[in-house]
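Here is a short report on one structure.

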Amino acid sequence: MEHISKLPNVETTIFSIMSGLAKKHNAVNLSQGFPDFGSDQKLIDLVSKAMNSGYNQYAPMSGNLDLRNAIAHKIESLYNSSYHPEHEITITAGATQAISTILNTFIKPHDEVIVFKPAYDSYEPGIVLNGGKSIAIQLQAPDFRIDWNEVEGKVNGQTKMIIINTPHNPTGTVMSKHDMLQLQNITKGTNIIVLSDEVYEHMIYDGEQHQSICLFPDLKSRSFLVASFCKTFHNTGWRIGYCCASKPLMDMFMQVHQFSVFCVHHPTQKGIADYMQDPKHYLKLSNFYQKKRDLFLNLIKDSRFKFKPSKGTYFQVLDYSEITQENDVDFAKRLTIESGLASIPLSVFNENKLDNKVLRFCFAKKDDTLKRAAEILNTI
Ligand SMILES: Cc1ncc(COP(=O)(O)O)c(C=O)c1O
């Protein structure tokens, strides 16, 4: 019997390839987007306490109410914006499930979804699985700014959704208030839904303010705000995230959520709800990661790699065009095999694998790991 894949173009991801190579060659691994340090023991204790206190059966479909209240409170205090904890916030299995469920809920065959490249790799497969068409807008190195005239030119009657991501993986750029206002103008009076991927909202540097979708009332009314506790609390394996949207949008989301996961891991939700009672647990992250970024960049400032400091996320892109004109995938592999340092070539996130001679390095690593990586980069 022969079967036809619904995602025939999906290959083994570069993340698996680079991590496999890193392991084989015992390389320092800055390719993967997760920390090599543990999470706060206090949080682990709170999750254990929740398990020992009986939070072991199904959570409500939207998630543990204490956690939804904590999220509503956080958004209110940081952005002066309200989402009703009972109708407008849903806890998901990581941001990944929120993204996939949003796409499954709204994208129909032939719908167009505008995606900015380089883009996080789960957006396009989710669009394609639903018969939608990804309309790519390629951002250009080194600034990766959005040309809103280009966006306006791509919007038409088929445009169902626009996906934004700020702070941005992989480039480490952030959207400005001006960007958000442009997006608001372009979508005003349309039926376009905005999926705003804000999983790195608490990792933003140099005094930049995170421009959450919920700060812009017209945008907020048409948008899903997507966030992740995996990223925020150094526990990518826990698979807990959430999304927020107006009640009419969230009601439709719940129709699909109900039959895909119904609800997610309950004790983790309760533990995180208790942990969030102290806002410094998430407010201190920008400072914590900025120090890591600065350590890494200071150590490589005399290397032959060129960079603009990352403004957010825990990724730093480095331009190697002064070193070689080799294709970025080949160079990333060679750097891993011959020099013992793994990264991710940016072309894998780009339209038509555009190669700007740029690699992505994750600095959510112990200081010692960053020092070892810098030593290698300084020899290249
Ligand atoms: C931009 C972006 N969105 C979403 C996700 C997925 O987050 P989660 O681990 O919560 O599913 C990631 C993870 O790397 C990401 O970088």
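## Helices on the sheet

Helix H4 (residues 94–106) lies across S2, S5, S6, strand S7 (223–228) and S8. H4 runs at about 155 degrees to S7. Helix H3 (residues 65–79) lies across S2 and strand S8 (241–244). Its angle to S2 is about 120 degrees. Axes are lines fitted to C-alpha atoms, for helices over the stretch in contact, and angles run from 0 to 180 degrees between N-to-C directions. Helices (H or I, at least four residues) and strands (E, at least two) are DSSP runs, numbered from the N terminus.

This is a predicted model: local features need pLDDT of at least 70, side-chain atom pairs count only at pLDDT 80 or more, and totals for chains, interfaces and linings use all residues. Residues are numbered from 1 along each chain as its sequence is written, and side-chain values use heavy atoms, with hydrogens and water left out.

## The sheet

The 7 strands form an open sheet with mixed pairing, in the order S2-S8-S7-S6-S5-S3-S4. Strand S2 (89–92) and strand S4 (133–138) are the edges; each has a single partner strand, so one side of each lacks a neighbour in the sheet. From one strand to the next, the twist averages 20 degrees. Two strands pair if DSSP finds at least two bridges between them.

Strand S5 (residues 159–165) and strand S6 (residues 193–197) run parallel, joined by 5 bridges. Ile163 has Leu195 in S6 as its bridge partner.

Beyond four places in sequence, Ile71 is in contact (heavy atoms within 4.5 Å) with Ile89, Ile91, Phe229, Tyr242, Cys244 and Met276.

## The ligand site

There are 13 residues around the ligand (a heavy atom within 4 Å). Thr96, Asn169, Asp197, Tyr200 and Ser228 come nearest.

A polar side-chain atom of Thr96 is 2.6 Å from a ligand oxygen atom. For a polar side-chain atom of Asn169, the distance to a ligand oxygen atom is 2.7 Å. Ala95 places a backbone N or O atom 2.8 Å from an oxygen atom of the ligand.

## Gln184

Is Gln184 buried or exposed? Gln184 counts as buried because its relative accessibility is 12%. Buried means under 20% relative accessible area, exposed over 50%, partly exposed in between (1.4 Å probe, protein chains only). Gln184 is in helix H7 (residues 177–187). Not counting residues up to four places away in sequence, Gln184 touches Phe216, Pro217, Asp218 and Leu219.

Definitions and conventions
A polar contact is a pair of N or O atoms within 3.5 Å; within protein, one must be able to donate a hydrogen and the other to accept it, and residues adjacent in sequence count only if both atoms are side-chain atoms.
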